[in-house]
Structure formats: C-alpha cells, structure tokens
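Subject: A structure for you to look at

Hi there,

Here is the structure I promised to pass on. Have a look at it first, and then read on for what turned up.

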Amino acid sequence: MINVDSLRERKINMKSICPLCNGLYKVEYNCTKCNAIMEDKGPMVNLMDDYSPYLLDEISHFVDGVKRDECIHIYQCPNCGYKQSYSIERKEV
C-alpha cells in the first residue's frame with residue numbers, strides 16, 4: 001500500500017495545478033485605481049503568443065519565468081481597463 005503522506009513529503013509523482021486555471025475556485029481582486037472588481041483574463045503564459053496556451057504545465061514555467069509552484073494570472077478592470085498580475089499558488093493533487 002502506498003503511503004500518501006510519505007509521497008507528499010518527498011513530492012514524488014505529485015502534480016501541481018493552478019486552481020484558477022482548473023476552475024476549482026475563483027479569486028477576486030479590487031482595482032487599485034477605481035475599486036471595481038477585476039476580471040481574471042487567464043494565466044500570463046496564455047497571453048504571450050498564439051501557441052502558448054498549448055504548452056504543457058510542466059514546461060510553462062520556463063516560458064513565464066516564475067517558480068513551478070506559481071501561476072501568474074492577469075486581471076483587468078472592466079471599468080477603467082487597468083491590468084495587474086497576481087501570483088496564484090499551485091496546489092498538489
């Protein structure tokens with residue numbers, strides 16, 4: 001029998017996913033310019049070029065330059081158009 005706790009400790013065969021990208025939950029931020037609720041426009045890596053949305057999660061951190069356990073999401077204010085990036089912690093599944 002596999003001991004899940006020992007796998008977590010050693011991080012063997014564990015996959016980390018972005019909870020926002022996978023629809024597990026939503027995170028709301030208020031615009032720092034006008035205080036409206038901002039909209040999640042998706043992960044930064046998806047907005048880099050036409051093919052970046054098709055990158056595997058395992059290699060996307062090489063493109064966006066962030067740590068493996070983070071996913072940078074771009075939020076935009078629907079009221080004033082201000083954009084801000086936020087780091088979202090990936091969760092192990």
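To begin with a cysteine: does Cys-71 count as buried or exposed? Cys-71 counts as buried, because its relative accessibility is 5%. Please keep in mind that this is a predicted model.

Now for the sulfur atoms. A disulfide is a covalent bond between the sulfur atoms of two cysteines. This structure holds 0 disulfides. Cys-18 takes part in none, and its nearest cysteine sulfur, in Cys-21, lies 3.7 Å away. For Cys-71, the closest cysteine sulfur belongs to Cys-18, and at 3.8 Å that is too far for a bond; the cut-off for a disulfide is within 2.5 Å. Cys-18 counts as buried too, because its relative accessibility is 1%.

On to the strands. There is an open sheet of 3 strands, in the order S2-S3-S4, and the pairing is antiparallel. Strand S2 (39-43) and strand S4 (83-89) are at the edges with a single partner strand each, so one side of each has no neighbour in the sheet. From one strand to the next, the twist averages 35°.

In general, strands of a sheet pair through backbone hydrogen bonds, either parallel or antiparallel.

Enjoy exploring!

Best wishes

Terms used:
Residues numbered from 1 in each chain as written. Predicted model: local features only at pLDDT ≥ 70, side-chain atom pairs only at ≥ 80, totals over all residues. Heavy atoms only, no water. Pairing = 2+ DSSP bridges. Helix = DSSP H or I, 4+ residues; strand = E, 2+ residues; numbered from the N terminus. Axes fitted to C-alpha atoms, helices over the stretch in contact; angles between N-to-C directions. Buried < 20%, exposed > 50% of the residue type's maximum accessible area, 1.4 Å probe, protein only.
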